[in-house]
Each structure stands twice: as C-alpha cells, then as structure tokens.
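Colleague: I'm new to this one. Could you put it up and walk me through a few spots?

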Amino acid sequence: MLGAGPAGAVVAMVLGRRGVRVLVVDDGRQKAFSGGETLPGASRPILGGLGLTDVLDRTPTLPCTGSRSAWGSDELAMRPGIMSAYGAGLHIDRPAFDTHLRVASLRSGASALKGRLSKVDRDDRGWIACVGSDGGQITVKCQWVFDCSGRRSIFARAVGAVRRAADKQVAVVAVAERSGHDDDLATTTESVSEGWWYSAQLPRDRRVFMLFTDGDLLTNSGARSIERFVALGRQTRHISELMATYEFGRIPPTVVLADSSSLDAAAGPGWLAVGDAAASMDPLASTGIIDALKSGRMAAEVLLGSGVRLEDYSRAILERYSQNLRLRSRYHWMEKRWSGSDFWRRRRIPFV
Ligand SMILES: Cc1cc2nc3c(=O)[nH]c(=O)nc-3n(C[C@H](O)[C@H](O)[C@H](O)COP(=O)(O)OP(=O)(O)OC[C@H]3O[C@@H](n4cnc5c(N)ncnc54)[C@H](O)[C@@H]3O)c2cc1C
C-alpha cells in the first residue's frame, strides 16, 4: 500500500481485518494545511458501514449548517445541510481525522513503514519496490500494490499509467485565527473574475480561506503573498465580511493542486489506484474524502474476490469521474458574469 490518507487507511483496514498481510508505506511528511476539511452528512453511513463511527467521535468537529454560494449572482443563496437526506455535515480537524483512520488500519493488523517509493520492478512472483526510509533503502516484495498516493499517482505513473488533467486549477489556502465573534457554521462560496473563494470555520477557533484559480493566472494575481491574498479577499462582497473577525499572521498561503484529473486506467495487473490517485474531482463538490473511503472499500473487495473484477473497478471509478466533470461543467455555465476573464472563458466549453 502506498499512501496512508483516507483511501490507503480504508484499504489497509478492510484487508487487515480479513487477515491479509498489509504494509502501508507513507512518506509521513508534515503537511502545511492543504485543504479537505468539510465532510458531507453522507459520510456518516459510509463510516458506519466500515465500523469507523468512533473516528468521528474522536475527531474535533463543528457542525456544518449548510452551504451558501454567490455564484452567477452577487446574492448569497443558502442550501441548509438538513435538506440533505443524511443531515448536516461536519467541519473536521483534518490531520486528527486522518490520524484516527490510520490508527484504525493499524489496529486491524496492517504494518506501517515511513518512507518514499524510489523504484519499482516486477518479476514472475510479483512486485519489487525500493523504499527510501530513515533506515536507508528497503526492498519490499509484494503481490499487489494499492496506489493511494494522492493526485500524483506515484506508483501508477511509474508503471506506465497516464494521468490527464481537465484544467490547471490550484487552491491558495490560508488558515486564520479568530479574533472576534463568529457564529457562522455554513460554508461560503463566492465566484470572482479570477476564480472562486471558499471559506469554512474550523474547530479550535480557526477559519480556512481558499482562492481557487488557474496555476498560470496566479502570478498576475499575486495571491501567493499573504498581504495580497487578504487584499483580494477584502475586495469580495461576502468573503470580506468573514475575514473581518480573523487574523492572518505572516505565514504565506499554501498553494496546492486542485485540478480535476484522472488516470487513463484505475487498475492494471497486480495494482489498483485508489482515491485521488485514481481520479481527483474538483473540490467544488466537497466529495473527495467520501470518494476516497468508498473507492478504498471497493478496491479491497477486488483483492478479496467479492465479485468486483479489476476492470469493473476501473470502469466504475472513471464513470464517476466523468459524471463529476459533467456536473462541474453545469456549475461553470451558471456563472456568466466575467466573459472576458481567462478562468471563466476556459470553463465555457460544453461537456457532453
Ligand atoms: C484545496 C482542497 C480542498 C478540498 N476540500 C475538500 C472538502 O472540503 N471535502 C472533501 O471531502 N474533500 C476535499 N478535498 C479533497 C480531499 O482532500 C481528497 O480527495 C482526499 O484527501 C483524498 O484522499 P486520498 O487518501 O486519496 O489522498 P491523500 O489524502 O492525498 O493521501 C495521500 C497520502 O500519500 C502519501 N504519499 C504521497 N506521495 C508519496 C510517496 N511518494 N511515498 C509515500 N507516500 C506518499 C501522502 O503523504 C499522503 O499521506 C479538497 C482538496 C483540495 C485540494
């Protein structure tokens, strides 16, 4: 198993519980905040079905009362969380959530190795992977590899799979500390000429602000500096109000890849790509974590011989990705205000 995010943790846990010997290799890098902190209500039955309800009990959370967006218009439209069939969502402490998922995978019998994949070969008995770790190079032999390494699909690309991106979107992410009153527990999305903003309150008196734009448009906007990032936020109608009771400090915002991209095939002989490593959806949908949990379970079922074949798995992942691209395209067409902007012009391509 390569990668111990939500996808890797679930595959390791499901297989471990069924007595399969699993080694999870993760680089264990301390990541600056990189996004992914709102869980839709639909996550509850998924986590419950995996026997992981306690992960939510142990993770610091705030209720998410709904989503509001000023998209295609200046006015904010509210969609209350309770209108979802699964009830309100949650704002989670993401590092804590990921840690509790990893602990669950270790409890199920999986082993863990901190290191990075440096080379992979195959012989007639299976895979031979070289992992660079604190203890030097370690050779790992295994029959199956689950690539759960996130958007870079480290293993799948090393064995020849091709990753294609539908856009160049990145997110500029800053977390601010609360300095005044804030009882707003909804998520807020606001489109602007250079892309769109997102903000949500986080546990422990913090709030995340993100500007989504295209990587090549970032330089002109200057949003990599915290001063310019805050200045751009203050030019908006709604995000600016949320910024008013927060302090940003001096740490520059983090820039992370936030494109829609997928592999040309999500599996091959002896390997499967899972979660973002197989296909990553636009964060606009806020479904990345539950997609990672669901695909993790399905990938484990392939190996356990529960009736899901390798090609069915790959097809299901890529169909879901195409559906998501169609839905995203409909959202982009709703925004008609900035026909001269590169960001929106690039997104006015009909998707069939
Ligand atoms: C800006 C932004 C905002 C988002 N907001 C939301 C949201 O609100 N709600 C939501 O549900 N989703 C959101 N997402 C998506 C969500 O975060 C991802 O879909 C989810 O993290 C996918 O989980 P994963 O396990 O597939 O990959 P990851 O969480 O990326 O985990 C991959 C793991 O692999 C490890 N790894 C990588 N390379 C190597 C290597 N070479 N060797 C060893 N280990 C390696 C990494 O360290 C990491 O631990 C957002 C994404 C972005 C970019």
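Colleague: What's the strand order in the open sheet of 3 strands?

Modeller: The order is S2-S6-S3, with antiparallel pairing. Strands here are DSSP E runs of at least two residues, helices are H or I runs of at least four, and both are numbered from the N terminus. Two strands pair if DSSP finds at least two bridges between them. Bear in mind that this is a predicted model, where local features need pLDDT of at least 70, side-chain atom pairs count only at pLDDT 80 or more, and totals for chains, interfaces and linings use all residues. Residues are numbered from 1 along each chain as its sequence is written, and side-chain values use heavy atoms, with hydrogens and water left out.

Colleague: Which are the edge strands?

Modeller: Strand S2 (38-39) and strand S3 (61-64), each pairing on one side only. S2 is joined to strand S6 (residues 89-92) by 2 bridges, and Leu 39 sits opposite Leu 90 in S6.

Colleague: What comes in the loop between S6 and helix H4?

Modeller: Asp 93 is found there, with H4 covering 94-107.

Colleague: Is Asp 93 buried or exposed?

Modeller: Buried, at a relative accessible area of 6%. The cut-offs are under 20% for buried and over 50% for exposed, with partly exposed in between (1.4 Å probe, protein chains only).

Colleague: And which residues is Asp 93 in contact with, leaving aside neighbours within four places in sequence?

Modeller: Thr 59, Pro 60, Pro 203 and Arg 204, where contact means heavy atoms within 4.5 Å.

Colleague: Where does Arg 204 sit?

Modeller: In the turn of a hairpin formed by S14 and S15, with 3 residues between the strands; Arg 204 has a positive phi of about 70°.

Colleague: How many bridges join S14 to S15?

Modeller: Strand S14 (residues 195-202) has 7 bridges to S15, running antiparallel.

Colleague: Why is S15 largely enclosed by the rest of the structure?

Modeller: Because 9 of the 9 residues of S15 (residues 206-214) are buried. Both faces are covered: one side includes Val 208 and Phe 212, the other includes Phe 209 and Leu 211.

Colleague: Switching to helices, what angle do H1 and H9 pack at?

Modeller: About 35°, with the axes of H1 (residues 6-17) and H9 (residues 288-304) 8 Å apart. Axes are lines fitted to C-alpha atoms over the stretch in contact, and angles run from 0 to 180 degrees between N-to-C directions.
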